[in-house]
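I opened my notebook to record what I looked up, entry by entry. The entries follow the order in which I went through the topics.

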Amino acid sequence: MAALPKRIIKETERLISDPVPGITAYPDEANLRAFTVTMNGPDSSPYEKGIFDLELYLPDDYPMCPPKVRFLTKIYHPNIDKLGRICLDVLKDNWSPALQIRTILLSIQALLASPNPDDPLANDVADDWKKDEPKAIEVAKEWTAKYAKAKE
Amino acid sequence: MSTYEDEHNITHRQTTPDNSRTHQTLSSVINSFITTTTNAPDMNEIAQALQSMEGSIASQLVETLHNEKKQGLDDSYLDNLERVNVKDLGDDDCPICTNKFQDDKHPLIVKLPCGSKKGHIFDLDCIGPWLKMNSTCPLCRFDLLDLQKQRKEKLDKELKQLRDEDSEEEEEDWDVYG
Ligand SMILES: [Zn+2]
Ligand SMILES: [Zn+2]
């Protein structure tokens, strides 16, 4: 494998020295392109007080290609499917090499704060959300309490 | 030669739980499509690989791959981008590699014609690989291919106008001598 590009080293250093509020991201010791991420659920969202685990992976042609990001913690959200895959434009067609791990994690946090059932990935969740939003929000809160607990 | 697994760092993914296996197989197919940019991707091969997988999902995926194959710009476009002298720049970083332009001993810096006032400026080495696969400015998402098309259309229109004027003159000539 080629040496780690300087940009990745710089991004990693800044993520650790100047972390995004409510987010931690640490590279795995064995593979510096793989990050273990935790994200606090945004205040006054159904995910409030939850702590979610994610994995983030920088492919070989990063930053020409976006990072691959996935929720490991179960989450009830119209734009996140059962496997934790996230439907977010900047992770796909709207990726730009001027974006960074930081900006991507912020975008995911923003997606938790404002779910978008009109652009769904998890179709059944999006359907529930559109049919009965208050109920869907209740379920999201239940799941948060059940699966996204702070670790002892 | 390193293996596909080495190249694509698949070891990490194998540590993820087994329940997401189908997804990973799909994503590795897509991955190989995305990462083999220098050797033109063989769509048929990918299509065949996908078709051998599950029917309807696979055909949907094939369609998506076809549709989402983005168009980039060619070498001559890159060669003709406006060059910027590092002496005219301040303390700016290249938005892609995030290195300071001033720190580069042999900088080759270009400005995209995306219409931004200050100019969206990149190392040619950094913006080159992006523009070969995409036609947008990484900072403002302005589509450079659209601009090129617009310019070409405008030129074609002007040429056509000139030709029409020519033929009108010819007709007039006929009137005089006819
Ligand atoms: Zn650069
Ligand atoms: Zn621009």
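Before starting, I wrote down one cut-off: a residue is called buried when its relative accessible area is under 20%, exposed when that area is over 50%, and partly exposed in between. I also noted that the model is predicted.

**Entry: a buried pair in chain A**

I looked up Glu55(A) and Arg70(A) and found them both buried. They form a salt bridge, and the closest N and O atoms are 3.0 Å apart. This pair links distant parts of the chain: Glu55(A) sits in strand E3 of chain A and Arg70(A) in strand E4 of chain A, 15 residues apart.

**Entry: other salt bridges**

How many salt bridges does the structure hold over all chains? I wrote down 11.

I then looked up Arg14(A), which has a salt bridge to Asp18(A) with 3.4 Å between the closest N and O atoms. Arg14(A) has a relative accessible area of 42%, so I listed it as partly exposed. Asp18(A) is also listed as partly exposed, because its value is 35%.

In chain B I looked up Lys160(B) and Asp164(B), whose side chains meet in a salt bridge at 3.5 Å, N to O. Both residues lie in helix H8 of chain B, four residues apart, which is about one turn of the helix. Lys160(B) is partly exposed because its relative accessible area is 48%. Asp164(B) has 35% relative accessibility, so it counts as partly exposed.

**Entry: zinc ion (ligand 1)**

Which residues coordinate the zinc ion (ligand 1)? I listed Cys94(B) through SG, Cys97(B) through SG, Asp123(B) through OD and Cys126(B) through SG, at 2.1 to 2.3 Å. The angles among the four donor atoms run from 96 to 117°, and the site is tetrahedral. Along the sequence, the donor residues are spaced C-x2-C-x25-D-x2-C.

Asp123(B) counts as buried because its relative accessibility is 10%. Cys126(B) has 12%, so it counts as buried.

**Entry: zinc ion (ligand 2)**

For the zinc ion (ligand 2) I listed Cys114(B) (SG), His120(B) (ND1), Cys137(B) (SG) and Cys140(B) (SG), at 2.0 to 2.3 Å. Why is this arrangement called tetrahedral? The four donor atoms around the zinc ion (ligand 2) subtend angles of 103 to 116°, and the rule asks for all angles to lie between 85 and 135 degrees. The donor residues follow the spacing C-x5-H-x16-C-x2-C in sequence. I found Cys114(B) and His120(B) buried.

**Entry: the loop between E1 and E2 of chain B**

I looked up Asp91(B), which lies in the loop between strand E1 (82-84) and strand E2 (109-112) of chain B. Asp91(B) is exposed because its relative accessible area is 55%. Asp91(B) and Asp103(B) are 12 residues apart in sequence, and their C-alpha atoms are 9.6 Å apart in space.

Thr98(B) is also found in the loop between E1 and E2 of chain B. Its phi is positive, about 65°, although Thr98(B) is not a glycine. Buried or exposed? Thr98(B) has a relative accessible area of 14%, so I wrote buried.

**Entry: backbone notes in chain A**

Lys49(A) has a phi near 70°, a positive value in a residue other than glycine. Lys49(A) is placed in the loop between strand E2 (34-40) and E3 of chain A. Its relative accessibility is 74%, so Lys49(A) counts as exposed.

I also looked up the peptide bond that joins Tyr62(A) and Pro63(A), which is cis with omega about 5°. Pro63(A) is in the loop between strand E3 (51-57) and strand E4 (68-71) of chain A.

**Entry: a patch on chain B**

Last, I looked up a nonpolar surface patch of about 290 Å², made by Leu155(B), Leu159(B) and Leu162(B). Leu159(B) is in helix H8 (residues 144-177) of chain B. With a relative accessible area of 42%, Leu159(B) is partly exposed.

Notes: Residues numbered from 1 in each chain as written. Chains lettered and ligands numbered in written order. Predicted model: local features only at pLDDT ≥ 70, side-chain atom pairs only at ≥ 80, totals over all residues. Heavy atoms only, no water. Patch = residues over 30% accessible without salt bridge, like charges linked within 9 Å, V, L, I, M, F, W, Y side chains within 5 Å. Areas by Shrake-Rupley, 256 points an atom, 1.4 Å probe, with all protein chains shown as cover. Salt bridge = Lys/Arg side-chain N within 4 Å of Asp/Glu carboxyl O. Helix = DSSP H or I, 4+ residues; strand = E, 2+ residues; numbered from the N terminus. Buried < 20%, exposed > 50% of the residue type's maximum accessible area, 1.4 Å probe, protein only. Donors = N, O, S within 2.8 Å, 3.2 Å for Na, K, Ca; no water. Tetrahedral: all angles 85-135°; square planar, octahedral: opposite > 155°, others 65-115°.
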